[in-house]
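Here are my notes on the model you asked about. Keep the sequence and the 3D view open as you read.

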Amino acid sequence: MEENNVEMNGKYVNEETHARMKKKLKKAGKVLLILGLLVAATGIALLAFGISTDSLKHSTIGFIAGGGFMLVGGFGMCSVAGALFYVAHAREIAAFGASTIAPIAGETTNYLAEKTSPGVEKLADAIAKGVRSGGQKNEVSEDIKYCTKCGEKNHKDAQFCQKCGNKF
Ligand SMILES: [Zn+2]
């Protein structure tokens, strides 16, 4: 029991660390995403303004060049933000997958094996019976009928059961 506690404490600390790291990455990603969108939006505005002025002055070219640069930079920042989000989630998946999900999956398997195997057997039985009776119904609807006395399969046109002689 003591070993389990130590292990659980270790896991808890790991999760705390990962949660903090994830929060930081997500926060940085959010800031970068907002900045990137702002820069990209400014770039689009500058580009639109530069193009709409319709004259090739130095300032116009400056607007277009600056706008284009900001647009590319803004999208670049958004990509970095996306990467940060991805890293945040990748860390989460890796950490939780290794330390949390695997033991839980193991426990669940054991739990299922110990507590539910009789139930599973019953369920399997029920399914098998269902399949059998379903099959019977299907066969009845085709060209077979079952003896009401002994359950033997008989041709639907048979007048007597081929096994017990029961009259249909
Ligand atoms: Zn019969």
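**Notes on the predicted model**

1. Start with one residue. Gly29 lies in helix H1. Is Gly29 buried or exposed? Gly29 has 20 C-beta neighbours inside 10 Å, so it counts as buried. The cut-off for a buried residue is 20 or more.

2. Now look at what Gly29 meets. Leave out residues up to four places away in sequence, and Gly29 touches Ala81, Leu84, Phe85 and Ala88. Take Phe85 from that list. Gly29 and Phe85 sit 56 residues apart in sequence, yet their C-alpha atoms are 6.0 Å apart in space.

3. Check the contact from the other side. Apart from neighbours within four places in sequence, Ala81 is in contact with Gly29, Leu32, Leu33 and Gly36.

4. Ala81 also belongs to the largest nonpolar core. This core has 11 residues in all: Leu25, Leu32, Val39, Ala40, Leu46, Phe63, Met70, Met77, Ala81, Leu84 and Ala88.

5. Step back to the whole chain. The protein chain has two helices and two strands. Their order from the N terminus is α-α-β-β. Of the 168 residues in the chain, 11% are buried. Count the contacts with a separation of 6 or more: 51% of them join residues 24 or more positions apart.

6. Next, visit a strand. His155 is found in strand E2. His155 counts as exposed, because it has 10 C-beta neighbours inside 10 Å and the cut-off for exposed is 12 or fewer. Not counting residues up to four places away in sequence, His155 touches Asp143 and Ile144. His155 and Ile144 are 11 residues apart in sequence, and 4.6 Å apart from C-alpha to C-alpha.

7. Finally, confidence. This is a predicted model, so read its pLDDT values with the picture. The mean pLDDT of the protein chain is 75, and 64% of its residues reach 70 or more. Which element has the lowest mean pLDDT, and which the highest? H2 has the lowest, at 70, and strand E2 (residues 153-155) has the highest, at 91.

8. One stretch needs a separate remark. Over residues 1-9 the pLDDT is below 50. Beyond near neighbours in sequence, this stretch has zero contacts in the model.

Definitions and conventions
Residues are numbered from 1 along each chain as its sequence is written. This is a predicted model: local features need pLDDT of at least 70, side-chain atom pairs count only at pLDDT 80 or more; totals for chains, interfaces and linings use all residues. A nonpolar core is a set of buried Ala, Val, Leu, Ile, Met, Phe, Trp, Tyr and Cys residues joined through C-beta atoms within 7 Å. Two residues are in contact if their C-beta atoms, placed from the backbone, lie within 7 Å. pLDDT is the predictor's confidence in each residue, from 0 to 100. Helices (H or I, at least four residues) and strands (E, at least two) are DSSP runs, numbered from the N terminus.
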